[in-house]
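Morning, everyone. Let me put the model up, and then we'll go through some helices.

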Amino acid sequence: TFYIHHLDYGQTGDNSGLVMYPLPYPWWYMLSPLLGFEKDNLKLQLKRMDKSTTRMNAFFADEIKKAGDTSASTLMSVIQHTIADEFNYLDDIDYIEGADNGLEKFGKNMENKTLRYISRLRLYDELFLRLDREYYLTILHDKRTDAINPAQYERMGTEEFCYVLPQNNQLNFYYPKSSRFGYEANELPFYFENEIAPLIPQHLPASLKKDVLPDVEYKFIQTPKSDREDNTRRTNGLVQISLDSYSANTKGKLKLSGQFSTLTRGYFLYEAKDTTISPNYYKSVLDLADAGQKATIEKDDISTVFPYNASFNYSFRKSNFVNKDNEGVYNFSLNGWFNNYVDDNFSAKNRNLNYYPDFNSEDIHRFMLQFDQPVELLDGSVYTDTIANGFAHYIRHIEQKDPQNILIESTLIVHSQVVPAQNAVDVQVVFDAIRDWNKKTYRVRKL
């Protein structure tokens, strides 16, 4: 990578103060403009009667009552949830493109619980101003494309601001929302997890403001991470099949945890999508409802603490689920039911690059097919197939439990953080098996 040097840092000439020999920027030099300081008279500032100040004061007071606990991290976690759960979001596209020259209207938007894109950072600055204690700003970089080296400054392709509050030897992260959906405290998508990030002090003594380059220690820390057992998805369903009408009514539960919750629960709540990840993460059995009929999905329970467990109840109808082959024999397909993640762009052929899964995970799709009449599963009543390699374990299972119930399931356990290019076929084998499982047609004979 490279960056434009503005000839403002390096060795200076004799008594001129001009930079004669530019030197690479150090991190402290580039981060110093982002430092924050205490207010000269905080009490006086918070007594202002403008709408922005009074509405923020009222909001902060309400959140204190709601939190109950006096710890700063608990209060900020409660506020983070309120913003995520109750605040609408405006993306400010017109403002950014110059079509909207109106005022920010911060106070009015706070009153209406609306967060604008241009107000994301201001809101948190106002909150921490009232908290009046040590906190930090940090810069998150997308680890899919960038990696910070604390010993050498480099301009990164992606930079997102996040707030950090230390308490009891623990760092608490608060990432401002950028859609109707918002993350909870300490919740980050996988591409911001377990990466090096700088801590930029925001509560320095006001006396340091006069220094052009304050003498400040910049620390680099590791962002939170999740492990395989944290990142789980469980899709369970009861598929009630009528052989006379050829239809199927499905109801079940979707359970998300860790990164599956972080990445996709906003979709099930508000149809919000992270456009930087594969759209395959948003494929689900809900897509299988009859054309023109949306599946029903209802929030069951959502946790605000790691690993952010979220569960939803769903139901949908599929009119032409079963086809009749001949007298007494029927067939059906489960294409689109087993949505274990597949990277559509992956190919092991002539591959020279390592493959990096987005995150380690456990993903299970399990359906009980309940027929309204006794049937026999043709081509065997029990089948189990397991693929185990350096990339993942993939397990497919079919079992006829009794004359009216057939269990069909798949489990994908991704355990590798990186697959060397020479082993890329391991990934290909698993992805191909997932595709084949969705193409399979099943046959039953009515007894």
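How far apart are the end C-alpha atoms of helix 8, residues 259-270? They are 17 Å apart. At 1.5 Å a residue, its 12 residues should span 16 Å, so the two agree. The expected span here is 1.5 Å times one less than the number of residues.

Ground rules. This is a predicted model: local features need pLDDT of at least 70, side-chain atom pairs count only at pLDDT 80 or more, and totals for chains, interfaces and linings use all residues. Residues are numbered from 1 along each chain as its sequence is written, and side-chain values use heavy atoms, with hydrogens and water left out. Helices are DSSP runs of H or I, at least four residues, and strands are runs of E, at least two, numbered from the N terminus.

Back to helix 8. 10 of its 12 residues are buried, so the rest of the structure largely encloses it. Buried means under 20% relative accessible area, with a 1.4 Å probe and protein chains only. Among them are Phe260, Arg265 and Tyr267. The cover includes strand 10 (232-241), strand 11 (248-257) and strand 16 (361-371), where contact means heavy atoms within 4.5 Å. Just after the helix, Glu271 takes a positive phi of about 60°.

Next, a helix pair. Helix 4 (residues 72-86) and helix 7 (residues 120-131) pack at about 150°, axes 12 Å apart. Axes are lines fitted to C-alpha atoms over the stretch in contact, and angles run from 0 to 180 degrees between N-to-C directions. The pair is therefore roughly antiparallel, the word for angles over 145 degrees.

Key. Parallel < 35°, antiparallel > 145°, perpendicular 65-115°, else oblique. Buried < 20%, exposed > 50% of the residue type's maximum accessible area, 1.4 Å probe, protein only.
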